[in-house]
Amino acid sequence: MTEHRDRMMAAFKSRFVPVLRERGFTGSFLHFRRRLAERLDLLNVQFYSAGGSFTINIARTGPDGFVAGPWAHLAVDEIEVGHAFRDRRRIMPRDAGRGQRAGGQFWEFGPRSTDDPRPAEPQSFYDAIAEDALARFLEEGEPWFERPEAPERGDEQAGPPGDWQPGDPWRFSRLLWHLRLRRPRMRIGVVIGGLEPELWRWENWRKIVPVMDALVSRLPRPVSILSGQMYEDGTGKQLPFGRMPWGEAGNRKWTTKYIEEGEGPVTFSQTEFWSPSRSEWAEKGGAPDFYARLDRDPYGEVQGFILALRRDVLRMEGVAEAADRTLAAVAEALPGSRTVINDRGWAEHNIGPVEIDPLDHTASELAHRFGEKRPWSGVEGFSAR
């Protein structure tokens, strides 16, 4: 999967990004912006959470960003597509032959992490996909930016984030929140920062372990560790670790066995911490007592940490306070990081029996963005009522 994505990135850098630059866009992959006298144009490339495909999202704001609402404090170079609520759209593939994943919204270029690995295609295959995506953006996206309607300014959402108002684009999600007979079962904190320092290395992770151990020791059931890593040899095979219970030995193992002591360069994807174990949770379903995830997106130059606990577990003595200390320790280890904490379900949405973006199938950056866009569900910490 890594080689497929590397070749797709090479195609973006040679075929897609130069044209954006010619048209006045600045920024770096995955987020671009173009500041004009009358508006700010935004574009991002969104990779599918399981890999193997991508889509393009665009949005507009006023020339100086948002003048009101929850994002009024953001500088122009901090605004991304995900901050827009009303004036945004998705650029999708032109035809079924170019990938129809997720309802035809994604261009497919390789296997997902759950698929069997397959050899990479010639570079021309990925170049053609990037060129198709660029053509679609030029044909559909650029005219959409030029629409005469006033771009989003943020004053459409004026008023306290917790108040529902007529015309509020969050009205349906917010109304459903206030109509809940009970609040969601989970409280979730997400920290997002840059790729340095690399927390998946023992020299850095060892500073987090004692703080997190104080949380783990208070949980009603043991914690197990699962880590996703592979050698950069193009095979896409996950490296085996065997059983890893929580403790110094288990934490040393996943941060050193291949990363420090292996036979070649290693790609680190994510490490998950489960209570109960993932296999036990999968048998029973529902929300686990505790879930944490450290992951990285080297192309977006982001690493992040998710910490999730059931709200009934938070009521156990010392658990909430230990959770706050754990999240703070991770935030302190990542200079310039951003933290969001909110109450939500294990999955972002449930449509009948179908779960949309459960925590174990989404990246920390996407979970952070989901929380940011729903400030009415936010809390100050795990200890908050």
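1. Leaving aside neighbours within four places in sequence, which residues is Ser227 in contact with? They are Phe241, Met244, Trp254, Phe268, Gln270 and Thr271. Bear in mind that this is a predicted model.

2. Ser227 is found in strand β8. Its relative accessibility is 13%. Buried means under 20%, so Ser227 counts as buried.

3. The side chain of Ser227 has polar partners. One is the side chain of Gln229, at 2.8 Å. Another is the side chain of Thr271, with a polar contact of 2.8 Å.

4. Now look at helix α7, residues 248-256. Its buried residues are Gly250, Asn251, Trp254, Thr255 and Thr256.

5. What covers the buried residues of α7? The cover includes α5 (202-205) and α6. It also includes the strands β8 (224-231), β9 (266-275) and β10 (290-297). Ser227 belongs to one of these, strand β8.

6. Helix α6 spans residues 209-216 and holds Val211. Val211 counts as partly exposed because its relative accessibility is 26%. Ser227, by contrast, counts as buried.

7. Where does Val211 make contact beyond its neighbours within four places in sequence? Its partners are Arg325, Thr326 and Ala329. Val211 and Val330 are 119 residues apart in sequence. In space, their C-alpha atoms are 9.5 Å apart.

Key
Residues are numbered from 1 along each chain as its sequence is written. This is a predicted model: local features need pLDDT of at least 70, side-chain atom pairs count only at pLDDT 80 or more; totals for chains, interfaces and linings use all residues. Side-chain values use heavy atoms; hydrogens and water are left out. Helices (H or I, at least four residues) and strands (E, at least two) are DSSP runs, numbered from the N terminus. Buried means under 20% relative accessible area, exposed over 50%, partly exposed in between (1.4 Å probe, protein chains only). Contact means heavy atoms within 4.5 Å. A polar contact is a pair of N or O atoms within 3.5 Å; within protein, one must be able to donate a hydrogen and the other to accept it, and residues adjacent in sequence count only if both atoms are side-chain atoms.
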